[in-house]
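This briefing concerns the pairing of charged side chains in a protein model. Please consult the sequence and structure shown below while reading.

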Amino acid sequence: MDIPSPWLTDPVPEEGEDVAATIGATETLSEEEREELRRELAKVEEKIQTLSQVLATKGKHLTEIKRKLGIHSLQTLKQNIARGWQDVTATSPYKKTSETLSQPGQKASAVFSSVGSVITKKLEDVKNSPTFK
């Protein structure tokens, strides 16, 4: 199983790093040092490959366990969304925004309630008026 990995590619010089200096540094290595580094590189690449295979196997095992337990992708997605929403509502910015918006909401609710009471009273007055009867 050949999994591409960012660790298996040649390094890219960092921003501001002198490419010529990077190349020059490898030229100062002896042949023995280069060979040792190549062996170490091969070992590290092999370990990464092994870990990638183990991770893929563990992922398949996880999927099988979830299938046996009846945990489906949709359920998992719902749980993740619910957990994410809980995380969002627990944040300080959300709480501050909620508090800020609740005050005008409460005032608007009071206004609508009083307007509703006035309309209800007017309708009762009309209903009880001699003209309506």
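This is a predicted model: local features need pLDDT of at least 70, side-chain atom pairs count only at pLDDT 80 or more; totals for chains, interfaces and linings use all residues.

A search of the whole structure finds five salt bridges.

**The network of E31, E35 and R38**
- Salt bridges link E31, E35 and R38 in a network.
- E31 counts as exposed, at 54% relative accessibility, whereas R38 is partly exposed, with a relative accessible area of 44%.

**The pair E36 and R39 in helix 2**
- A salt bridge joins the side chains of E36 and R39, at 2.7 Å from N to O.
- Both residues belong to helix 2 (residues 31–69) and are three residues apart, so about one helical turn separates E36 from R39.
- E36 is partly exposed, its relative accessible area being 40%, and R39 is likewise partly exposed, at 42%.

**The pair K121 and D125 in helix 4**
- K121 and D125 form a salt bridge in which the closest N and O atoms are 3.7 Å apart.
- The two residues lie in helix 4 (residues 92–128), where a spacing of four residues places D125 and K121 about one turn of the helix apart.
- K121 is exposed, with a relative accessible area of 51%, while D125 is partly exposed, with a value of 39%.

Technical notes. Residues are numbered from 1 along each chain as its sequence is written. Side-chain values use heavy atoms; hydrogens and water are left out. A salt bridge is a side-chain nitrogen of Lys or Arg within 4 Å of a carboxyl oxygen of Asp or Glu. Buried means under 20% relative accessible area, exposed over 50%, partly exposed in between (1.4 Å probe, protein chains only).
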